[in-house]
Amino acid sequence: MSTTELQVRTSQPAATPGIPRLSLEGISKTFRSGNTRMTALDNINLEVTPGEFVCLVGPSGCGKSTILNLVAGLEEPDSGKILINGQPVTGPHPDRLLLFQEPALFPWLDVIGNIEFGLKSVGINGKERRERALEYLAKVHLHKFAKFRVHQLSGGMRQRVAIARALAINPQVLLMDEPFSALDAQTRDILHTELQQLWTETGKTILFVTHNVREAVTLGDRIVLFTYRPGRIKAEFSTAHLPRPRHLEGQAQTKLVREIMGELQGEVQLAVASEYGDARLRVDL
Amino acid sequence: MSSITSEAIPQLQQRLNTAQPLKLARKTGLTLLKVGLYAGGLFAIWYLVYLLMVEVFQVWISALFPAPVDVLVSLVDHAADGSLWRAASASLARLFIGFGIALPAGILIGMGLAWGRWFRSLVGPIVLGFQALPSVCWIPLAILWFGLNERAIIFVVVMGSIFSVTIATYDSTKLIPPLLLKAASNMGVKGLAVFSRVVLPASLPAIISGARQGWSFAWRSLLGGELLTAGIGLGNLLNQGRDLTDMALVMAVMLVIIALGLLFDQLVITRFEAYIRQRYGLVSRSL
């Protein structure tokens, strides 16, 4: 299906030229547990243009996943604004869909039922719902598995069903929280290719959180590097010079990967020192 | 790009399905054989005890400890004259009405407990309290409220089983993976739809286990109610055996009660549970 067709079928407001699809303005978030306060995010400013693929990279505990939860509307920032097409975020809404490390499919439904679950939630019913579900199932090459139970699929297939379920709803922004980190290396390679293809096909705006710098460089148009607590944006990198589709082991990416790793090294060191309480413990990326 | 396994898996699935019936028939035959041997063994021991205690040492009398054959004869007699069928069908009718009310109502109250803090703090203690009350304790109240009739017994059956279903349902909602609720909320599911589309189906396997427990509670409550009130039924038939000192009849009715309870549990609830668990992928099927 072409991008124009997709636009026609979209029930949501189309992007206005000049207004970013997603913008975070001065976002801060602090978590309290008993007497301890932990600043997860400190004054984050980020703009994502329509159709852009942005990867967020940083050490564990830098608040990357918190950003996704905030954009999804599942949590609220302490200060700052989150705007989708210029409109403030006020809670969960299917125009911002979150994909997790686990596929979060419903075991009482079959594969096609899972995709239809999402469509039903946004009020698409009848014949159109089944057709659209099948269409998106075909996009992830799982149309032969429509009637399968979730537990009969492999981990990678389940994650593809989850991706199809999200894309079928046609969100404004797709939020992916380390969606491939529980998969084996081979499956992950395949999904990297598939995701780039789906992204090109559907023109979705994607915010993708990962620990893996290689994965970020393979997938993203732009890589945003976070500092360890409090999470701040340390640096941004563009991959515009790297041709697509990219593969995880592609040689062209190596230089950029090294550069980002160098920046990340110090942050990971801080994270390890804090977590293990031992500043002498060395980690080499 | 094409997926690696998309060709192989449907074929594997098909092979699995065609292999099932043969395996199932063999398994059923084996199970029947085992059950037969087991029951035969129990009856043999019973007969041995009868021989020793009644015939050889003459410490017991056969009127109080009948031989298996006497019980069987009584069973056949009462089946032939229709009294056993009338009693069993009257009892089962009460049971199905009572359990038919208790099951959906119990699930509904259990969902209510999961739904709201205020509902939980108001109704939760009542549920726990009544669950601690043995169901026969409802009989005096039921008789005064409804009289010595069907409604009194059905009321006792409902009160005897509803709270175990309620507690099982509420407990099962606490075990739902939070990620599923998060995913549903993210897709815009809210309010009552969360319950009908996520909470209820997600807790179904555990609710079925609760239903099994509720069923056995209903069965007990029914017999308790029937023993203490009048009217046709298995409990009444037991009382008749006591009044006539007909121990063979008493034992025959006890056997029928055991058989009916087990039959429903094994043939209906266990099968449905196995089916649901298989659908949900909760059983590891060895290939």
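# Salt bridges, chain contact and backbone exceptions

Trainee: How many salt bridges does the count come to over all chains?

Mentor: This is a predicted model, in which local features need pLDDT of at least 70 and side-chain atom pairs count only at pLDDT 80 or more, while totals for chains, interfaces and linings use all residues. Residues are numbered from 1 along each chain as its sequence is written, chains are lettered from A and ligands numbered from 1 in the order in which they are written, and side-chain values use heavy atoms, with hydrogens and water left out. A salt bridge is a side-chain nitrogen of Lys or Arg within 4 Å of a carboxyl oxygen of Asp or Glu. Over all chains, the salt bridges by this rule come to 20.

Trainee: Are Asp95(A) and Arg96(A) buried or exposed?

Mentor: The side chains of Asp95(A) and Arg96(A) form a salt bridge, with N to O at 2.9 Å. Relative accessible area sets the class: under 20% is buried, over 50% exposed, and in between partly exposed (1.4 Å probe, protein chains only). By that rule, both Asp95(A) and Arg96(A) are buried.

Trainee: Which residue forms a salt bridge with Lys139(A), and how is that partner classed by accessibility?

Mentor: The side chain of Lys139(A) meets that of Glu201(A) in a salt bridge at 3.1 Å, N to O. This pair links distant parts of the chain, Lys139(A) being in helix α4 (residues 126–139) and Glu201(A) in helix α6 of chain A, 62 residues apart; helices (H or I, at least four residues) and strands (E, at least two) are DSSP runs, numbered from the N terminus. Lys139(A) has a relative accessible area of 11% and is therefore buried.

Trainee: What is the distance between the closest N and O atoms of Lys174(B) and Asp171(B)?

Mentor: Lys174(B) is exposed because its relative accessibility is 54%. Asp171(B), at 35% relative accessibility, is partly exposed. The two form a salt bridge, and their closest N and O atoms are apart by 3.4 Å.

Trainee: Which residues do salt bridges that share partners join into one network?

Mentor: Side chains of opposite charge can pair when their charged atoms come close. Here, salt bridges with shared partners make one network of Glu52(A), Arg222(A) and Glu236(A).

Trainee: What is the area buried between chain A and chain B?

Mentor: Contact means heavy atoms within 4.5 Å, and 36 residues of chain A are in contact with 28 residues of chain B. Buried area is the accessible area (1.4 Å probe) that two parts lose on being put together, summed over both. Carbon and sulfur atoms give 64% of a total of about 2900 Å².

Trainee: How many residue pairs are in polar contact between chain A and chain B?

Mentor: Salt bridges between chain A and chain B number zero. A polar contact is a pair of N or O atoms within 3.5 Å; within protein, one must be able to donate a hydrogen and the other to accept it, and residues adjacent in sequence count only if both atoms are side-chain atoms. With both residues at pLDDT 80 or more, the pairs between chain A and chain B number seven.

Trainee: Which elements of chain A each supply at least two residues of the side that touches chain B?

Mentor: Some of these are helices and one is a strand. They are α2 (64–72), β6 (96–99), α3 (111–121), α5 (155–168) and α6 (185–202).

Trainee: What is omega for the peptide bond from Arg244(A) to Pro245(A)?

Mentor: Pro245(A) lies in the loop between β10 and α8 (254–276) of chain A. The peptide bond from Arg244(A) to Pro245(A) is cis, with omega near -5°.

Trainee: Is Asn170(A) buried or exposed?

Mentor: Asn170(A) is in the loop between α5 and β7 (173–177) of chain A, and its phi is positive, near 60°. Its relative accessibility is 5%, so Asn170(A) is buried.

Trainee: Which residue's side chain makes a polar contact with the side chain of Gln172(A)?

Mentor: Gln172(A) lies in the loop between α5 and β7 of chain A. Its relative accessible area is 6%, so Gln172(A) is buried. At 2.5 Å, its side-chain partner is Asn85(A).
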